[in-house]
Amino acid sequence: MCTVKNRLRIALPILLGLIGLGKAMGGKCGTARIFELKPGIWSGTSFRTLATPQLHARTLESEHFAFNYTLGGINGAKIVDEDAGLVVLIDSLFAKHQSLPAGSRDSAVYADLDQVGAPHPRFIEKQRQYFEQAWGYYVETLKMKAPKTRLSSFRYRVRKPASGKFAVDIGDIGTLYPDFYGSETYGITYPPPDLSIAMENDFIYSAYLDSQGRVAGSSIQSRLQGKVIRDYPVEWELGIKVTAFHEFYHAIQFSYVPFPSGGYHSWYEISAVGMEERLAPEVNDYLQYLPCIFANHAKTSMIPGPRQPPAGCNQYPVYGHGLFHMYLGWALDERFDVAVWDRLGKNGDDLPGALGVMLSQYGSSLTQVYPEYASHLIASREDIPEPLPLFSDDVAQWPRHPVRVLDLGPMSALPYRQTLPPLAFEAIRLDEGDGMALAATLESDSAVGILLLAGGDSSQFIHPGGLHFSIARAKPPLSKRYLIVANASLSESAAFSLMAIPPGFFAYPNPVTRARGALQFALPFDHTFPFTVDLLAENGKAVRSLTFTSNQEEIKWDLRDGAGKAVAPGVYYYRLDNKPLVPVLVTP
């Protein structure tokens with residue numbers, strides 16, 4: 001008797017050609033792959049013309065979905081040990097209809113199975129379970145838009161399901177578009193007008209039929225630093241679960257933005273990874289992408305994410321940045337992304353605008369949230385006792401987060417300069433230099449946040465332009481001081497420099513040009529708020545009086561008088577709380 005995998009056999013020479021496609025940079029969502037290799041598809045044209053010829057298939061309908069699958073050959077749905085009785089029945093039906101042409105034989109087999117009420121394979125039943133869970137959470141709990149498809153199937157010939165059923169095809173993804181998906185692809189969500197989902201049938205890629213008609217190939221696995229986290233051909237239920245939650249969220253996204261006018265930006269994958277981890281936390285597929293984003297946090301922008309991995313990475317960083325989505329769910333609430341996608345659907349898919357509006361609804365901004373996120377990541381290092389709450393239960397499994405070390409002793413590494421791309425951060429451990437005053441200059445108009453972790457209450461500074469702070473001795477639970485410089489802009493790079501400055505109260509730079517637009521005030525580490533700075537002209541006439549109540553403010557003079565008019569070039573004097581006057585030169 002022939003085996004299930006031997007039926008509907010595809011010619012071996014054709015499939016052997018797929019092996020040479022090789023292994024991509026770890027598992028990927030096929031939706032992103034479509035954009036990388038076929039960006040013009042987002043214009044609303046059909047993608048189906050590139051597909052392989054359609055096969056006859058069987059359908060399992062659930063309340064909201066129609067799952068289409070075949071039972072043999074390279075596309076055959078995985079049939080597990082518990083399906084042994086179904087294997088015997090299927091084999092007998094294929095033998096019964098052996099004389100029929102392939103298309104008619106397949107249709108007859110599926111019709112007989114439905115007529116006798118044969119169960120669907122457990123692999124297919126699990127698809128129904130997890131997709132319905134995804135629908136329940138996204139559509140019914142979060143009240144997000146329900147995606148609608150006009151297709152009965154993207155790749156199979158099937159009877160039309162009941163109206164409104166969302167089409168999900170199960171099959172070997174590598175043979176659907178061998179030029180696109182010869183590597184580890186878990187699933188694909190096709191954009192409108194072909195809105196539907198394709199799911200991998202056995203989590204084997206570069207698949208082919210060997211001389212005995214058995215499926216051979218490579219296992220789709222998630223790995224972390226050389227160790228296999230999940231082997232999905234074996235742990236196939238976890239593979240279905242994490243992929244269903246990820247891919248159906250893409251379908252939800254396309255219900256808001258059917259044709260992304262600005263391109264397929266990183267938030268599509270960042271949010272899908274965040275949701276998959278929220279609904280399937282035991283799978284932890286995202287862990288495989290963390291080494292790349294941790295090693296490149298100071299040179300790789302989160303948004304827009306690179307289309308290819310940075311040098312030295314064997315994974316695509318965009319999936320690892322799902323951590324930021326997880327953090328926002330912890331710091332805000334589980335509904336925050338509903339507001340993001342609602343705004344994206346109304347503003348032409350403008351991500352900076354959508355994130356800004358969403359955060360403002362929570363009384364926050366990227367300038368505040370992103371530095372805090374970066375500080376939580378650094379707090380996850382195994383050699384730092386937890387000065388901040390940890391937003392993930394998986395921290396013990398995270399790789400170490402690289403931190404730059406600056407020795408502020410006699411052989412100081414200062415000045416230190418770095419340029420941060422949009423939504424990237426630098427983490428610096430400050431050794432020695434207790435009581436040293438430092439000036440951080442951010443040569444950009446973008447919003448940049450800086451946090452100093454020194455134990456106890458974290459000192460937080462949020463300033464564009466420039467700032468000053470002093471380095472106190474580290475306090476428990478920290479044994480070291482950590483400086484986190486985070487570029488919270490989604491579009492602009494920020495040049496950052498760190499240098500030593502004299503202790504005590506003073507203004508810098510001196511002279512100051514009117515083109516710079518501001519004179520920054522440096523404060524002693526132990527200075528208390530509020531305090532007042534008086535500004536006088538060279539003739540002793542009062543120019544302006546500034547009162548500062550918190551180090552959350554921008555502690556500077558904008559070179560304007562009390563009426564808001566820019567001052568003329570010349571010599572001016574400043575003093576702190578009626579102390580001696582200090583001159584400063586304002587140049588054109």
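1. Ground rules. In this predicted model, local features need pLDDT of at least 70, side-chain atom pairs count only at pLDDT 80 or more, and totals for chains, interfaces and linings use all residues. Residues are numbered from 1 along each chain as its sequence is written, and side-chain values use heavy atoms, with hydrogens and water left out.

2. Tyrosine 186. You will find tyrosine 186 in the loop between helix 6 (173-176) and strand 6 (187-190); helices (H or I, at least four residues) and strands (E, at least two) are DSSP runs numbered from the N terminus. With a relative accessible area of 6%, tyrosine 186 is buried, a term for under 20% relative accessible area with a 1.4 Å probe, protein chains only.

3. Helices 8 and 12. Helix 8 (residues 267-279) packs with helix 12 (residues 336-346) at an angle of about 155 degrees, their axes 12 Å apart; axes are lines fitted to C-alpha atoms over the stretch in contact, and angles run from 0 to 180 degrees between N-to-C directions. That angle makes helix 8 roughly antiparallel to helix 12 (over 145 degrees). The contact (heavy atoms within 4.5 Å) involves residues including Trp267 and Met275 of helix 8 and Phe336 and Trp341 of helix 12.

4. Helix 11. Seven of the 10 residues of helix 11 (residues 322-331) are buried, so this helix is largely enclosed by the rest of the structure. Among the buried residues of helix 11 are Phe324, His325 and Tyr327. The partners that its buried residues pack against include helix 8, helix 12 and helix 14 (366-379).

Methods
Buried means under 20% relative accessible area, exposed over 50%, partly exposed in between (1.4 Å probe, protein chains only). Angles under 35 degrees count as roughly parallel, over 145 as roughly antiparallel, 65 to 115 as roughly perpendicular and the rest as oblique.
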